[in-house]
Amino acid sequence: MSDTPAHSVAFVRETPIPPADPPATERGVIKWVRENLVSTPANAVMTVLSLVAIYWFLALLVPWLLNGVWNAGSIRECREIMAGSGGGCFAVLTERWHQLIFGRYPTDQYWRPTVAFVLLFVALAPVLFQTVPRRLLIFTGLYPFLAYWLVWGGSILGPIFALAGFAVGYIAYSRLVDRSFAMGFFGGVLAAIVTWWITGFLADATGNVMALETVESRDIGGFMLNLILGTVCVSLSLPLGIVLALGRQSSMPIIKWICVVFIEFIRGVPLITLLFVANVVLAYFLPPGSNFDLILRVIIMITMFAAAYIAEVIRGGLAALPRGQYEAADSLGLDYAQAMRLIILPQALKISIPGIVNVAVGLFKDTTLVSIIAMFDLVGMVRGPILASTDWNGVYWELFGFAAFLFFVVCYGISQYSQWLERQLQTDRR
Amino acid sequence: MTVMTDPPRESFRLSMLLNDTRYRSYTFQFIALIALFLFIGWLISNAAQNLEDLGQDISYGFLGESAGYDINQRPIEYNSQDSHLRASIVGVLNTLIVAFLGCITATVLGVVAGVLRLSNNWIVAKLMAVYVEAFRNVPVLIWILIIFSIMTVSLPGPRAFRGEDPSSSMLFDAFAFTNRGVYAPKPIWESGSMIVVITFLLSILAIFAYRAYAKKLLYDTGRLLPTFWPSIAIFFVPTILMFFILGRPISLEYPELRGFNFQGGMQIRGSLIALWFALAIYTGAFIAENVRAGIMAISKGQTEAAASLGLRPNRIMNLVILPQALRVIIPPLISQYLNLTKNSSLAIAVGYMDITGTLGGITLNQTGRAIEAILLLMLFYLTISLSISAIMNVYNNSVKLKER
Amino acid sequence: MKKSVFLGALAVSGIAAGAASAATLEDVQARGELNCGVNTGLVGFAAPDANNNWQGFDVELCRAVATAVLGDPDAVTYVPLTGKTRFTALAAGEIDMLSRNTTWTFTRDNDLKFEFVGINYYDGQGFMVPRELGVTSAKDLDGATVCIQTGTTTELNLADFFRANNISYEPVPIETNAEAQQQYLAGACDVYTTDASGLAATRAAFENPGDHVVLPEIVSKEPLGPLVRHGDNEWGDIVRWTLNALVSAEELGVTSANVAELANGTDNPEINRLLGTEGGLGEMIGLENDWAKNMLEVTGNYGEIFERHIGENTPIGLARGLNAQWTDGGLLYSPPFR
């Protein structure tokens, strides 16, 4: 406290002045706009150009969406209803949605692929998210058999016996693996084959148990076919890709050579030529009289294609592991199989996950190529039966837009998951 | 001092082939080799059996036969009486044309989008993010079909240019954008035009020489020569001078509407444009991501270090950031080029006559020689891929960080 | 590796599903299904409708053969095939017969080792142009842009025609009929060329069919017919005589409406032999004697099939023309059932 008399100074400020607001140009929206949109003249020009582009795009898109006709029997009706308002003829989607999604699948059986699709998420959950209880992995193991039964129908015994073969094989493997990995592996394979051979007779004898109406592979189409090809081929190509990657890293020259040739050959040719092979040429190379489903031949080819790419991703993961990990495994006295199974692969796979997801997204998109070999997937349905029909000839944007939208939703979802996972993995390492 | 004696040498026993790690790998390889040969042998014997049953054989004689069909885009002379082999070569050249154009456009688009996505202009960055995500997440086949539909449905047909009061008109009387493609003036090379072209090529060489000299001067003496304006001058002045000195030996042939179509000039067909653009925009989205990743991979410290050395911003970019970023960007860039080339086989969806459309399309249909045609098709793509990979390996080795 | 059983199970079902050998008839009967190759989508000839049932002129032949062989018109697996895949699918035994508007040519018959068993549609390649172009003859088309569907003999005929008349053109190859239609309507090509039947079908689907004319020139002979593999003559005979039975039935006045009545016996011995009440012709080709009766009950005779799918009362609206009975001035002439 000062002793200066109060009257000797005209005015004493006893409380601090409240801070003045920053100038209007330096706060709130205006500041944000100044900094982010018009910081330099060049920047301002770009902003204006962007706004024009956005306006132009929306001016096309919004009336098309808002004035769309959702209820009409043909493109001519659509045009009458719209009377030149420039809307889209979305009636084609409401009328043909079942063909776009399910292909020629029997109409009264749509619940089956739908259930299989919903269960797919349950089965994938423990694989995708570490927080989900591990016990669900059992369901993941059962899912392929369940899904096969649901989608293709037939007696449930087929998938059950197939599963039994794997179970027996696994038991034999776990008994024998203590002796050596090779013994366990071949023992397991042998046990599985014997089981399938025996149950083959059983299946013939017992006939139909809990049989669902059988659906021919040929009748499977639409977006469902894309999803089936995508999931089946990715899951099949993963183990194959691991084997190829290990083979390519192997010190045994012949094995390495075989893997290198396989991988480079597959990666060197476009998928479409492999599909031509599946469609046109493969039949020549199978025993006379045998006849594979086209869908099966395509699955084989796409799986080989994906496996080669996944092998390269995993090879990257293997190469990124510090040498010390290999040496540590050696110094523990682990043999090759143990070292790979317990030390190297778990880490290498973890590093490779983002790459594998990228391959998976690319593969899923590439399943549209089957439309070129006359399979009626989503794009095939659009280009074939729907656009060729008298009713809907000329409805391009609505159909292609719908197809693009479905693919975008799925692929964007997967890539967002992949980015999330990458962040998770990063925090782990820090 | 003790002398180490070798352990007693074991004599080789048969069981060691399975149990001894020294020999086991031979066993495995032997088994794998036998299995491979058996598998290949099985395939070949099946094929032989099947072909015999059908009374067919494997023969490449069809390549010499007359093809019988016409191709619209012919980089080399071709008519329907030429052989299937020549038709295939036309296809190969068409593939290379679309791949080359696509790669260049994709690179430009990708670099621009990648850099703009890191721009501090919020709206531009977001717009680029939308572009990248929209194109990366939708199959390229759908994009090709969409762009092809845009081309055919939105652009006017040549008929719209006709009549007293045409609904469309040519740009500068030189360019016509129709749904059959874009028509542009074509240069006519008269005598003496070679000299102009050579002058032009020489002046490009001169630009490089001048820049190398400027750089050397900078490193030797520290003197900074201007490069931008002299380069521009060297680029234009000699060629234009030569052009006029020789009495304008190069003239332009303008397209004009005659009969059903525009005649004269240069036509870039709709199928080529659709394929080219679709591939470029699609691949550009991937390249944008690579470029962004490459730039972000360079730590901020590099920029700051360069700034503290007193370098100006554009020199920081040219001398410090780009050389490092390029090492990250180029390998994935080249594999994107490879993908683009392979994706160009989707030409078949829009009727562009590339190798898949000629050899793998009409030739295969007309001759029924499926095995032979597809084998040749695969060999062609394999050759391209392997050569690009080889170039990539050479490059990778040359830019590898020399760690000492 | 969990999902490889998927593959295993599929493989088992796939191999079980088809086994092709020389004795196609036995295979078809053992399988209980006829595998029939059809077009991927050509309205009127073969196209799946909104309920996913295959419909069309070519499809009826598959149904007829299935009825003759298996007694069930629906025991057919339709295999949609493109121009590229049709021959391999047949050669590899994926299908038992191909009924996909395929032109009978020398090389297909001999070099590709197939057997054309007859002609179910006499076609020829024509041109369609917008009326406003004022073109009246294909020879006026110098410099025109022509849309063609790839994978057919069309390209070759076109090249030959323009070469023979020494006029130039610009071919625009298109994969599917729908896309060709889009190109043509948008004016990206001046002319659309394909088989005259296809032109009629395409034109019928237009908003204003009157704005387009089909030019009088028919530049090629396109005898379209079903085909089977070389080497199995018994099977070839079955398909051949199924087609002949359809044609004969029309000539003899047997329709789906009166076939049951006529099968009780008539005064016309040829009808009796056709319908199996006399002569035992069916057994000679390894079928029941009343095979043709069963078949005609389901599909009707050639004329009925024609009218139902592509005739003048359908949107496609094709006249019989060359495809009329020989008695009406057409080319349909079935060998006698004797």
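**Chain C against chain B**

Me: How many salt bridges does the rule find across the interface of chain C and chain B?
Reply: The model is predicted. A salt bridge here needs a side-chain nitrogen of Lys or Arg within 4 Å of a carboxyl oxygen of Asp or Glu. Across the interface of chain C and chain B, the number that the rule finds is two.

Me: Which residue of chain B forms a salt bridge with Glu170(C)?
Reply: The closest N and O atoms of this pair are 2.3 Å apart, and the cut-off is 4 Å. The partner of Glu170(C) is Arg269(B).

Me: Which element gives the largest share of the side of chain C that touches chain B?
Reply: Elements giving two or more residues to this side are β9 (144-149), α6 (154-164), β10 (169-174) and α7 (177-185) of chain C. The largest share is five residues, and the element that gives them is β10(C).

Me: What area do chain C and chain B bury between them?
Reply: The contact takes 38 residues from chain C and 40 residues from chain B. Of the buried area, 49% is on carbon and sulfur atoms. Lys84(C), Glu170(C) and Pro173(C) together make up 16% of what the side of chain C buries. Between them, the two chains bury about 3100 Å².

Me: Which are the edge strands of the open sheet of five strands in chain C?
Reply: The sheet has the order β10-β9-β11-β8-β12, with mixed pairing. An edge strand of this sheet pairs on one side only. In chain C, the edge strands are β10 and β12.

Me: Which residue of β11(C) is the bridge partner of Cys147(C)?
Reply: Strands β9(C) and β11(C) run parallel and are joined by three bridges. In β11(C), the partner of Cys147(C) is Tyr192(C).

Key. Residues are numbered from 1 along each chain as its sequence is written. Chains are lettered from A and ligands numbered from 1 in the order in which they are written. This is a predicted model: local features need pLDDT of at least 70, side-chain atom pairs count only at pLDDT 80 or more; totals for chains, interfaces and linings use all residues. Side-chain values use heavy atoms; hydrogens and water are left out. Contact means heavy atoms within 4.5 Å. Buried area is the accessible area (1.4 Å probe) that two parts lose on being put together, summed over both. Helices (H or I, at least four residues) and strands (E, at least two) are DSSP runs, numbered from the N terminus. Two strands pair if DSSP finds at least two bridges between them.
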